[in-house]
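Please look over the structure shown here with an eye to its domains, one of its pockets, and some local features of the backbone. The report is meant to be read alongside the sequence and the coordinates.

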Protein chains: 2
Amino acid sequence: MAEIITLDDPDDPRLHDYTGLTDVELRRRREPAEGLFIAEGEKVIRRARQAGYAMRSMLLSAKWVDAMRDVIDEDPAPVYVVHPDLAERVTGYHVHRGALASMRREPLPEASRVLATARRVVVMESVNDHTNIGAIFRSAAALGMDAVLLSPDCADPLYRRSVKVSMGAVFSVPYARLDAWPRGLDAVRDAGFRLLALTPGEDATPIDEAAPHRLDRVALMLGAEGDGLTERAMRAAHERVRIPMAHGVDSLNVGAAAAVAFYAVTAGRPQP
Amino acid sequence: MAEIITLDDPDDPRLHDYTGLTDVELRRRREPAEGLFIAEGEKVIRRARQAGYAMRSMLLSAKWVDAMRDVIDEDPAPVYVVHPDLAERVTGYHVHRGALASMRREPLPEASRVLATARRVVVMESVNDHTNIGAIFRSAAALGMDAVLLSPDCADPLYRRSVKVSMGAVFSVPYARLDAWPRGLDAVRDAGFRLLALTPGEDATPIDEAAPHRLDRVALMLGAEGDGLTERAMRAAHERVRIPMAHGVDSLNVGAAAAVAFYAVTAGRPQP
């Protein structure tokens, strides 16, 4: 059972986890260094807890205390109740979802541990947009991908915006970072995965012809919006695959392309 | 060859087409009433012209005159050159793409005309988010859907944000509005289309089992983010179809779901 504490001083050190939430650069440094991430809104907070993340504290406006009563009763983390104006002053924005939680980060698993049990893996290279990361995790979870591997320069899946866009899927899909890039892909290949590089390039194999749904272990590689996969990443793949496009159209956005490719890899098994 | 006119008065009536661009409610009323829409950025302006839309005028900062020189030489519409500060004052935002054009709207075709030549049609119900409309048009174009039909309350595909997110696909995919809803679907059915209603409902047929890529004429119905299709719209369909989801996940976002469904309808023809 948590202690419920009403605070009215924006400089109260107990609010430190929640300061300056709109300063992306600041939070991007601070959160991993301080071992925390922010879950926003009732649903996302519940999903983070269900996934096993420990709560450091919760920040609520008074009217959210009842909605979160069961969590408050179960969890010993302190609950700070503040006026919405104070929440806005501390965080830098109007917290319209009414509830924030500071959650404890866990060390990421090694890639080898993630690969041991997975059969359908997403590999992202340089996806540094939090919205795209979140959208890709959401689709990966929905369409049954088992795990995600990130190149060292991918954005943080636990950043507030990624978490929100993913609808909490960043908690349920296991992920790891590859320390070396693209050398880290060797371990994926050695674990028996066929590496498929997704590209709009016209010389690539249409993804339906590659028939990834019939492969035993597949790692689907995706690059960032705009640039796509680097040439050296593509060279590390077994095969380049593309989504067949109508003539004269540039490409799908990365979220749409990822969803289609996940479908082709996991669920795209039309009856012959 | 256009006249190039330098303007420095924000109240100059020649700038009227570009005033208050950030006021969505205002522009939503004004643009259809005044028979115009705004194309933003060099690429989108070029695509609008290629699609046959006439230009009423162009608004440029001085450094964009060279980049648009060929358009200026070809097109008689006046070109207003303004300082970036003035552009911001008139439009309400910092026009970082540097070039805006006011284009003439054309009357929409009748649904029957659109249906006459199409075999793969998207039908949207109550999709009133400009970003979603744009994203769905972009995926529809890329994945080879032939046309779009909109329920009366869908947002305007020619609104600036829709145009931008679609990367100009709203110019290349023919679309029409159904005047009556859902009664207007009768005409789609009478034209020989099989109406498939996309829903996350668990009693729906998995879309791969419905094998829409083997049907002669398919109309794929999509609802808005969150609410999905209304019950009365679903009753008007021949069949309800769903994208198979992993357990415990809510759903795909509407853009991802649309892309997967378009792929299943058009390109999802894995080798048996």
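Predicted model: local features only at pLDDT ≥ 70, side-chain atom pairs only at ≥ 80, totals over all residues.

## Domains of chain A

Chain A is divided into two parts, domain 1 covering 4–104 and domain 2 covering 111–267. Taken over C-alpha atoms, the centres of domain 1 of chain A and domain 2 of chain A are separated by 31 Å. To the contact between them, domain 1 of chain A gives 17 residues, whereas domain 2 of chain A gives eleven residues.

## The second largest pocket

The second largest pocket holds about 550 Å³ of space, and its lining is made up of 27 residues, of which B:Tyr53, B:Pro107, B:Leu108, B:Pro109 and B:Tyr175 lie nearest the centre of the pocket. In chain B, the elements that give two or more residues to this lining are helix 1 (24–34), helix 5 (111–117), helix 8 (169–172) and strand 8 (175–177). By residue class, the lining of the second largest pocket divides into 17 nonpolar, three polar and seven charged residues.

## B:Tyr175 at the pocket

B:Tyr175, one of the residues nearest the centre of the second largest pocket, belongs to strand 8 of chain B. Is B:Tyr175 buried or exposed? Its relative accessibility is 6%, and therefore B:Tyr175 counts as buried, the cut-off for that class being under 20%.

When neighbours within four places in sequence are left aside, B:Tyr175 is in contact with B:Leu108, B:Pro109, B:Val114, B:Phe137, B:Val148, B:Leu150, B:Pro157, B:Leu158 and B:Val170. Among these partners, B:Leu108 and B:Pro109 are also listed with B:Tyr175 as lying nearest the centre of the second largest pocket. B:Gly92, by contrast, is 83 residues from B:Tyr175 in sequence and 30 Å from B:Tyr175 in space, C-alpha to C-alpha.

## Helix 2 in chains A and B

In chain A, helix 2 spans residues 42–50, and A:Val44, A:Ile45 and A:Ala48 are buried within that span. Because these residues cover an arc of only 100° around the axis, they are placed on the same side of helix 2 of chain A. The elements of chain A that cover them include strand 2 (36–40), strand 3 (55–60), strand 5 (99–104), helix 7 (160–165) and helix 8 (169–172). After helix 2 of chain A comes A:Gly52, whose phi is positive, near 100°.

In chain B, the buried residues of helix 2 (residues 42–50) are B:Val44, B:Ile45 and B:Ala48. They cover an arc of only 100° around the axis, which puts these residues on the same side of helix 2 of chain B. They pack against strand 2 (36–40), strand 3 (55–60), strand 5 (99–104), helix 7 (160–165) and helix 8 of chain B. B:Gly52 follows helix 2 of chain B, and its phi is positive, near 100°.

## A buried serine in a loop

A:Ser61 sits in the loop between strand 3 and helix 3 (69–74) of chain A. With a relative accessibility of 12%, A:Ser61 counts as buried, since the class takes values under 20%. Apart from neighbours within four places in sequence, the residues in contact with A:Ser61 are A:Val81, A:Val82, A:Pro84 and A:Gly98.

## Cis peptide bonds and positive phi values

The peptide bond from A:Trp181 to A:Pro182 is cis, with omega near 0°, and A:Pro182 is placed in the loop between strand 8 (175–177) and helix 9 (185–190) of chain A. In chain B, the peptide bond from B:Trp181 to B:Pro182 is cis, with omega near 0°, and B:Pro182 is found in the loop between strand 8 and helix 9 (185–190) of chain B.

A:Ser126, a residue other than glycine, has a positive phi near 55°, and its place is in the loop between strand 6 (120–124) and helix 6 (130–142) of chain A. B:Met167, likewise a residue other than glycine, has a positive phi near 55° and lies in the loop between helix 7 and helix 8 of chain B. At 28% relative accessibility, B:Met167 counts as partly exposed.

Technical notes:
Residues numbered from 1 in each chain as written. Chains lettered and ligands numbered in written order. Heavy atoms only, no water. 1 Å grid on protein atoms, 1.4 Å probe; cavity = no way out; pocket = protein on both sides within 12 Å on 5 of 7 lines; lining within 4 Å. Points joined across faces, edges and corners; volume = space filled by probe spheres on them. Helix = DSSP H or I, 4+ residues; strand = E, 2+ residues; numbered from the N terminus. Nonpolar A, V, L, I, M, F, W, Y, C, P; charged D, E, K, R; others polar. Buried < 20%, exposed > 50% of the residue type's maximum accessible area, 1.4 Å probe, protein only. Arc of directions from axis to C-beta. Contact = heavy atoms within 4.5 Å. Domains from an automatic or database assignment.
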